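Visitor: I am new to protein models and would like to learn how to read one. Could you take me through it step by step?

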Amino acid sequence: MLARLLNMNVAMMLGLKKMSYEKMNDYYGDLDSPFCQVTKQIHEHEQENELREQMSGYKRMRRQHQKQLIALENKLKAEMDEHRLKLQKEVETQANNAYIELEKLAKRHTVHCDKEMKTTSADEKKFQQQIVAQQKKELTTFLDNQKKQYKLCKEKIKEEMNEDHHTPKKEKQERLSKHKENLQHSQAEEEAHLLGQQRVFYDRNCRGFKRKVMIKRHEFEQEQIREELNKKKTQKEMEHAMLIRHDESTQELEYRQLKTLQKLRMDLIRLQHQTELENQIEYNNRRERELHRKHVLELRQQPKNLKAMELQIKKQFQDTCKVQTKQYKALRHHQMEVTPKSEHKTVLKALKEEQTRKLAILAEQYEQSINEMMASQALRLDEAQEAECQALRQQLQQEMELLNAYQSKIKMQTEAQHDREQQKLEQKVSLRRAHLEQKIEEELASLQKERTERIKHLLDRQEREIDTFDMESLRLGFGNLGALDPPKDDYR
């Protein structure tokens with residue numbers, strides 16, 4: 001019975017110690033008092049408001065950044081549209097000016113042709129008049145010489161007849177008349193021959209003059225078509241130079257716009273990342289401040305909790321003492337019944353001493369339990385707080401590393417996007433320049449083909465005109481009027 005009572009006391013002490021530990025584990029339960037709950041809710045509400053405001057600011061910043069990018073893209077698009085419209089107007093102006101210049105050149109050529117035709121007609125008349133005047137002069141001189149010769153021959157015949165005294169006068173008159181007729185007939189033939197020669201000379205030289213006029217007209221036509229084709233070539237070269245300049249200016253604007261857009265995007269990303277880092281640092285500091293405040297509150301709450309636990313243990317000790325006293329009373333009553341009356345004193349004394357010894361042991365265990373509980377709970381609190389600090393630091397470090405990794409990923413993706421945009425623009429510029437160069441080559445080849453065909457057509461037509469004219473000259477008996485023509489320049 002005594003051994004069972006002792007075991008019950010030890011079990012109660014162990015239960016008391018276990019209960020003290022359980023009370024310490026429920027230490028934070030005191031923080032859930034109505035006042036602490038209200039304070040905690042207010043603090044959590046403030047944190048939620050702060051986080052909500054921070055997130056709203058972050059979302060506003062993202063929306064603002066998106067608006068800035070869209071606004072810049074619209075501005076750059078409007079700038080490019082204005083640039084292209086300006087270039088298109090310049091191309092149209094260049095085409096209109098080229099058309100006007102060709103029209104002016106054609107009108108000038110027409111005026112020159114009309115003027116040249118009038119000049120040629122006047123020169124031809126003047127040339128004919130000069131030949132006629134020269135031939136009249138030659139004819140007058142020829143007739144004068146014939147008259148002089150006729151007079152000399154007549155006087156000579158008369159002298160010869162006067163010297164001949166044997167011939168009758170009548171016969172002399174007949175001979176003189178016959179000589180006069182022969183001389184007049186001879187002079188008439190010579191005059192006719194001269195007139196024939198003059199007519200041939202006149203016709204041949206007029207025909208030759210017309211051929212020279214035709215050749216001169218051909219040269220004038222060649223000069224005009226050469227001037228027209230050179231003008232077209234110059235205009236086309238100016239147009240090509242303008243298109244190349246336009247392509248270069250467009251390329252420069254495209255690269256500048258891409259650089260501006262990418263710079264703004266990178267600036268906004270850096271600003272966003274800086275804001276995220278600042279928010280993360282502020283969040284880390286707030287978490288550390290909250291944990292520090294919690295630990296300070298725990299340290300402030302610890303003496304009060306330990307005191308409450310100590311009072312609870314004392315109350316349990318008192319309850320245990322009462323239970324033990326009742327048990328000893330029951331044990332004493334039982335011993336009195338089973339023990340002879342002569343031994344009651346001895347039994348009571350032994351029971352009293354046992355009770356006192358057990359209570360002393362119980363008190364000693366109580367003091368030891370209190371000391372162990374206080375030391376253990378203080379150590380546990382330090383360890384728990386240190387573990388919480390370490391866990392929080394590790395968590396915040398992981399979150400910071402995740403944020404840095406995420407930001408690095410975003411930066412790498414943006415740089416890769418910029419590289420793709422740069423390559424796409426380079427391909428676009430290269431392809432557009434290749435198409436422009438191909439267009440220039442095709443237009444130059446077409447212009448050269450037109451030049452060759454038009455010159456060939458002109459020379460063929462002029463050659464046919466010369467051949468027709470020469471064949472007509474041969475048919476009229478003027479021979480080859482172009483035998484002494486200078487060699488032609490082949491400028492095809």
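Guide: Let us begin with surface: accessible areas come from the Shrake-Rupley method with a 1.4 Å probe. Keep in mind that this is a predicted model. Here the protein chain exposes about 34,400 Å², and carbon and sulfur atoms supply 55% of that area.

Visitor: How many of the residues are buried?

Guide: A residue is called buried when its relative accessible area is under 20%. In this protein chain of 492 residues, 28% are buried.

Visitor: What share of the contacts joins residues 24 or more positions apart?

Guide: Count the contacts with a separation of 6 or more; 92% of them are between residues 24 or more positions apart.

Visitor: How do I read a pair of aromatic rings?

Guide: Two values describe such a pair: the distance of the centres and the angle of the planes. A search of the whole structure finds one aromatic pair here. Its members are F127 and F209, with 4.7 Å from centre to centre and 10 degrees between the planes, and the pair is stacked. F127 belongs to helix α2 (residues 34-163) and F209 to helix α3 (residues 169-338), so the pair ties together parts that are 82 residues apart in sequence.

Visitor: Is F209 buried or exposed?

Guide: F209 is buried, as its relative accessible area is 17%. F127, at 21%, counts as partly exposed.

Visitor: What sits over the ring of F469?

Guide: That is the charged end of R207, 3.9 Å from the centre of the ring.

Visitor: Which residues make up the largest nonpolar core?

Guide: A nonpolar core joins buried residues through side-chain atoms within 4.5 Å. The largest one has six residues: L69, L72, L76, L261, L264 and L268. Helices α2 and α3 are the elements that give two or more residues to this core. Another core, of five residues, lies apart from it and includes L229, I455, L458 and L459. Back in the largest core, L268 touches H65, Q68 and L69, if you leave out residues up to four places away in sequence.

Visitor: Where is N284 found, and what is N284 in contact with?

Guide: N284 is in helix α3 and counts as buried, at 10% relative accessibility. Setting aside neighbours within four places in sequence, N284 is in contact with L396, E399 and M400.

Definitions and conventions:
Residues numbered from 1 in each chain as written. Predicted model: local features only at pLDDT ≥ 70, side-chain atom pairs only at ≥ 80, totals over all residues. Heavy atoms only, no water. Phe/Tyr/Trp six-rings, centres within 6.5 Å; stacked < 30°, edge-to-face > 60°. Helix = DSSP H or I, 4+ residues; strand = E, 2+ residues; numbered from the N terminus. Buried < 20%, exposed > 50% of the residue type's maximum accessible area, 1.4 Å probe, protein only. Lys NZ or Arg CZ within 6 Å of the ring centre and 35° of its normal. Contact = heavy atoms within 4.5 Å.
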